[in-house]
Amino acid sequence: MASDESRGEFVEQDGVGVPDQLQRLWTPHRLAYIKGENKPDGDGESGCPFCRLVELDDESALIVARGESVFAVLNLYPYNPGHLMVVPYRHVADYTDLTPEETAEVADYTKHAMRVIRTVSGAHGFNIGLNQGVAAGAGIAAHLHQHVVPRWGGDSNFMPVVGHTKVLPQLLGETRTLLADAW
């Protein structure tokens, strides 16, 4: 068991129940996701966060790399550190509606993203996927995006399983810089 010194300063907060020695990981940024902020209000480009991102500078938008017809961007609500998405510039909802050039570049960027993430973080594996439509779990169904989620042996521990919390050891801006520099 860790000593009180090694666990950091214990701060008691009135009104939060019975005081204990548990450390809390606060993730207030997740509330925006829970409330549905920045989710498009329709199928059009005007409310689409992916369409708005490309107008920003790469650092502000967390864009790792830009191609001819797609870009790679970090997920604001990552499942794991380095979780990024490959997104076509064109506002298109369905994989079958991609042009042959877009399809090829989505595949190339996905492969390149895997290589870069392995180089930067030593990922042991990946979950790669498209959620097509709201029924399939797409948070932004109107604009296609392919997830590239790095995985490590043992990365599913009690925190996500029991506590429904993901611990990310690095700020998104720092992750973006590492990946963009390695890209």
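Predicted model: local features only at pLDDT ≥ 70, side-chain atom pairs only at ≥ 80, totals over all residues.

Colleague: Why is C48 called buried?

Modeller: Buried means under 20% relative accessible area. C48 has 0%, so C48 is buried.

Colleague: And what makes C51 buried?

Modeller: The value for C51 is 13%. The limit is under 20%, so that value counts as buried.

Colleague: Where does A123 lie, and is A123 buried or exposed?

Modeller: A123 sits in the loop between helix 4 (100–121) and strand 4 (125–130). Its relative accessibility is 8%. Under 20% is buried, so A123 is buried.

Colleague: Which residues is A123 in contact with, leaving aside neighbours within four places in sequence?

Modeller: Contact means heavy atoms within 4.5 Å. By that rule, A123 touches I117, R118, P150, R151 and W152.

Colleague: What makes the contact of helix 4 with helix 6 nonpolar, polar or charged?

Modeller: Start with who meets whom. V116, I117 and V120 of helix 4 meet L178, L179 and A182 of helix 6. Val, Ile, Leu and Ala count as nonpolar. So the contact has six nonpolar residues, no polar and no charged. The axes of helix 4 and helix 6 (172–182) come within 9 Å and cross at roughly 115 degrees. The crossing is right-handed.

Colleague: What makes strand 1 and strand 4 edge strands?

Modeller: The open sheet has five strands in the order 1-2-3-5-4, with antiparallel pairing. Strand 1 (63–66) and strand 4 each pair on one side only, and they are the edge strands. From one strand to the next, the twist averages 20 degrees.

Colleague: How do you know that strand 3 and strand 5 pair?

Modeller: Pairing needs at least two bridges. Three bridges join strand 3 (84–88) to strand 5 (146–151), so they pair. The two strands run antiparallel. As one example, V86 has Q146 in strand 5 as its bridge partner.

Colleague: Which strands does helix 4 touch?

Modeller: Helix 4 packs on the sheet and touches strand 1, strand 2 (70–74), strand 3, strand 4 and strand 5. Its direction makes about 20 degrees with that of strand 5.

How values were computed: Residues numbered from 1 in each chain as written. Heavy atoms only, no water. Buried < 20%, exposed > 50% of the residue type's maximum accessible area, 1.4 Å probe, protein only. Helix = DSSP H or I, 4+ residues; strand = E, 2+ residues; numbered from the N terminus. Axes fitted to C-alpha atoms, helices over the stretch in contact; angles between N-to-C directions. Left-handed = near helix turned anticlockwise from the far one by under 90°.
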